[in-house]
Each structure stands twice: as C-alpha cells, then as structure tokens.
Amino acid sequence: MAPHGLETPEKAMVAIMHGMEVGMTPMAALQSIAVVNGRPTIWGDGAIGLVRGSGKLEWIKERIEGQGDKMVAVCEVKRKGEPDIVRGTFSVDDAKAAGLWGKQGPWQQYRKRMLSMRARAFALRDAFADVLRGLGIAEEAQDIPPERPQAPKPPAPPVPPTQKIEHQETIDAETGEVIDDSHIVRETGEDIGAVMADGEFDAAAFFEEMETSFAAENSVEGVEERWTEFDPMAQFEGDESNQGIALAIKKRRLREIERASNEQE
C-alpha cells in the first residue's frame, strides 16, 4: 500500500513517524512523506495541505511570469497575524545554474510545474518552518544528488628511524673509531649521505655537517668548541647508536690532529 520510494518497512516507519510529528494520520503520512536520500521529505501538494490545515495561512498566490527562457515562478504567502508577505521565486536561469533545465524526467516534461514547486518550497519553508518542522520538499530534494561516502584515508606509513648500525663491530670499542662507514645506513637501505626529501631531521646530514666543521679545526680546543655547538649527545638523547657515531667522528678528528702534531715535532 506504500507508494514508490517506501519499499522497506524501515522507510515506511520513518514516513509514519515524521507524519505523526506534524499531525498526519499514518495513511496520510504514507501518501505525503517520501524518504529521499535517506531523509524524510513531504510532497509539494502535501506541504500546502499541511500549511492550510494548520490554520496559520491567510492566503497563497502562485503564478508564472515571462515566457521561454525568461520564465520565473513566483509563490507569495501571507501568514495570519504578520504584516509582511513572504515571496519565493525560481527562474529558468536558476534552474540552469543548478543543472536542472536539461535534466531528463519532469524537468523536460513539466517545466512550469517544476519551477512552481521550487518557488513554493522556498516560500513555505521560509514562512512556515514551525509547521513543516524541518521536513524538506520532496521535489526539491530529488534534484539534489545523494552524498557519496568518502573512502577512508589510508593510514600514514610509519616513519622509519633515520639511521641504524647494521654491525656494532664497525665501531672500535676502545678508540670509538668508525672502521667502515659503509655499514652506517638508513632503515631504507640508503647510504649515510642521503638527505630526506620531506624536510624531517636527517641524522646523516647532521653528521656530515659535523665532520665538515671538525675538519676545519686544527686544534683540540677548536674541535671541542664545535662539539659543544652541535651538542650531539643532547640531539640524540636516548639513541646510543647515533651517540656512538658522533663520538667516533669526534675521536677520529682528534687522532688526526694528534698525528699531525707529532709529525711536525
């Protein structure tokens, strides 16, 4: 017994419940309420019937002005006890802007009627929101494309540690010297000189800059001063691997300075 659009018991129940909210009997609600895009709406004729039955409508006037592409549907309503007239309009230009004028179906078969339904919907919803209680107008809601659920965004990939020591034996336990720099690589397998493209902190670039700075110093005091400026122990707090690399770079440069000093003597 339910009309098209109320194919399931759930939709029929929604229509009946919303109809009862605005004072309709269950059968009247089934004929006047439509569930469009998951939301309850009321047919245009049902809306005007509901407004008339509320006793708050003084009068309503509807007309079409102009011809052809200059047509404008006008709906004027006067609410009892209020001095101002509420006017709703919908033109061919409005229909074209909304992508409705060339739409297949009623917009091709009953153009004046569809323009009038839109103008009526605007006027009734503006003047009698308390009577309609949030119900949309079905003819208007049918022209709104349903919302498509958005696909969930994939989780961001975990950020790998910048570096790791593949073989702890590459750092001499006594001298702290890095025996083979080729074993110091990123988790991704890139070599130590690679720079991260996303702007995140790059330990490899940090060590390279530190080595370059140490190389410019020819005294123990100069190296110690640069060491204080870089402060790698604080930079890599809790990261014993990178702290070990920093210490190895420092000790290696100090031995180079010591050897150069001995050769001069």
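This is a predicted model: local features need pLDDT of at least 70, side-chain atom pairs count only at pLDDT 80 or more; totals for chains, interfaces and linings use all residues.

Student: Is Ser 91 buried or exposed?

Tutor: Ser 91 belongs to strand E5, residues 85-91. Its relative accessible area is 12%. Buried means under 20%, so Ser 91 is buried.

Student: Which residues does Ser 91 contact, leaving aside neighbours within four places in sequence?

Tutor: Glu 65 is 26 residues from Ser 91 in sequence, with 9.2 Å between their C-alpha atoms. Contact requires heavy atoms within 4.5 Å. On that basis, the contacts of Ser 91 are Met 71, Val 72 and Leu 115.

Student: What does Ser 116 touch, not counting residues up to four places away in sequence?

Tutor: Ser 116 sits in helix H6, which runs over residues 111-127. With a relative accessibility of 18%, Ser 116 counts as buried. The residues touching Ser 116 are Glu 62, Ile 64 and Ala 73.

Student: Within what arc do the buried residues of H10 fall?

Tutor: Helix H10 covers residues 220-230, and its buried residues are Gly 222, Val 223, Arg 226, Trp 227 and Phe 230. Seen down the helix axis, these residues line one face of H10, because they fall within an arc of 140°.

Student: Which exposed residues does the face of H10 turned away from its buried side carry?

Tutor: The buried residues of H10 are covered by elements including helix H9 (203-215), helix H11 (232-235) and helix H12 (240-264). The face turned away from that buried side carries the exposed residues Glu 221 and Thr 228.

Student: Which residue just after H10 takes a positive phi?

Tutor: H10 spans residues 220-230. Just after H10, a positive phi of about 45° is taken by Asp 231.

Terms used:
Residues are numbered from 1 along each chain as its sequence is written. Side-chain values use heavy atoms; hydrogens and water are left out. Helices (H or I, at least four residues) and strands (E, at least two) are DSSP runs, numbered from the N terminus. Buried means under 20% relative accessible area, exposed over 50%, partly exposed in between (1.4 Å probe, protein chains only). The arc is that of the directions from the helix axis to the C-beta atoms.
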